[in-house]
Amino acid sequence: MQYQINGIALPNEDGFFGAYGGQFISPELKQAMDEINIAYEEIRHTEAFQNELKDLFAHYVGRPSPLFYAKRLSNQLGGAQIYLKREDLNHTGAHKINHCLGEALLAKYMGKTKVIAETGAGQHGVALATACALVGIPCEIHMGQVDIEKEHPNVVKMKILGAKLIAVTRGTATLKDAVDSAFEEYLKDPKNYIYAIGSVVGPHPFPKMVRDFQAIIGDEIKLQSQDRFGVNPDYVVACVGGGSNAVGSFTAFLNDPEVKLVGVEPAGHGLDTDMHSATLTLGKPSQLHGMACYVLEDEQGEPLPVHSIASGLDYPGVGPQHSLLKDLGRVEYTSATDQECLDAFMTLSRVEGIVPALESAHAVAWAMREAPQLSQDIKIVVTVSGRGDKDSDYVAAKLGL
Ligand SMILES: *Cc1c(COP(=O)(O)O)cnc(C)c1O
């Protein structure tokens, strides 16, 4: 499928989504990325690859994920109908397994001997370690020492799944240093290794590839809505960190102008503080991690430290497809604060018996804010990108439960 909007390719042959994306990297890394792109374009059109991915989505991940009518929540708010796209019910509990399976399968078809990635809070690491165990490829995850100490359950899970964990102690020993360390390892042998990025970010072809693997979310929402309502939903809403679950939810609807698309960024302690991570809302076009995109940066062009209660959302850049969709006005990018997110986390848990990830709770918070203003025949689909087990101890401590 070649996606486009207003005649603009998503992306063009050089990996540009309008002015965003591309490959702002060393010639050495560019060559490695170009090889991945060529192989991907070849392999993804083969029946063998598509059938294997489809089979795993159905029988391993458990797709299609349900579209659940949150009736009690909708009634309580007294406005629009809220439906939940249940990516939290996927195997491993989030949407990340969709692209990790795609990346691991691609590695297998390319004959790679090792999959390398970085992880921050460990969510990408666990999903990738899972996919690599299934496909039967060695997996090496680079993680900052500071994060290793904070994220014990995910660290243990990666080890159980057979991943080799590299503790990164340089610099601030967090995500950025883990990225550098992982790229260095990858460049030692790009012929035999493959780097697996965890969102729709980084140099071409990753924003395209990860988008393609996540587009199943929106494709299913569309079919399920047609089945259920006979028409598209009025709104599709998702949280935006790097932007993979949101791009996955939106892509099927880009050329259906009656469907309003809403991306919710973390406003942290508030947009008027320096404790947020609302890249599209307050950032500006620049470059980060090999791509052109909106970035939160200081006057010297250095990425700013960012904050969100949801560790999966605190990234100072954002995917190039989102950057273009913002400029075109096709998606409305807005935000929810840490406090709104906590309220949504508790409300969804107590009213529907669904404990969402703190990331996903940002999208739920938007629906809770807006639904009361909308009439009862309006249908809002909220993507619940993951489940909140990983966040439960933190929330319980925070609220004194
Ligand atoms: C990683 C993660 C996110 C943020 O990533 P995107 O690429 O913006 O989707 C959101 N929700 C969950 C549950 C995650 O694990």
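How much area do domain 1 and domain 2 bury between them? Hi everyone, that is my topic today. The two domains bury about 2200 Å² between them, and 59% of it is on carbon and sulfur atoms. Buried area here is the accessible area, with a 1.4 Å probe, that two parts lose on being put together, summed over both.

A quick word on the model. It is a predicted one, where local features need pLDDT of at least 70 and side-chain atom pairs count only at pLDDT 80 or more, while totals for chains, interfaces and linings use all residues. Residues are numbered from 1 along each chain as its sequence is written, and side-chain values use heavy atoms, with hydrogens and water left out.

Now the domains. Domain 1 is 18-56 + 96-211 and domain 2 is 62-93 + 214-399; such bounds come from an automatic or database domain assignment. Their C-alpha centres are 23 Å apart. Into the contact (heavy atoms within 4.5 Å) go 24 residues from domain 1 and 32 residues from domain 2.

On the domain 1 side, Y20, N98 and R211 lose the most area to domain 2, together 34% of what that side buries.

What about salt bridges, meaning a side-chain nitrogen of Lys or Arg within 4 Å of a carboxyl oxygen of Asp or Glu? The count between the domains is 0.
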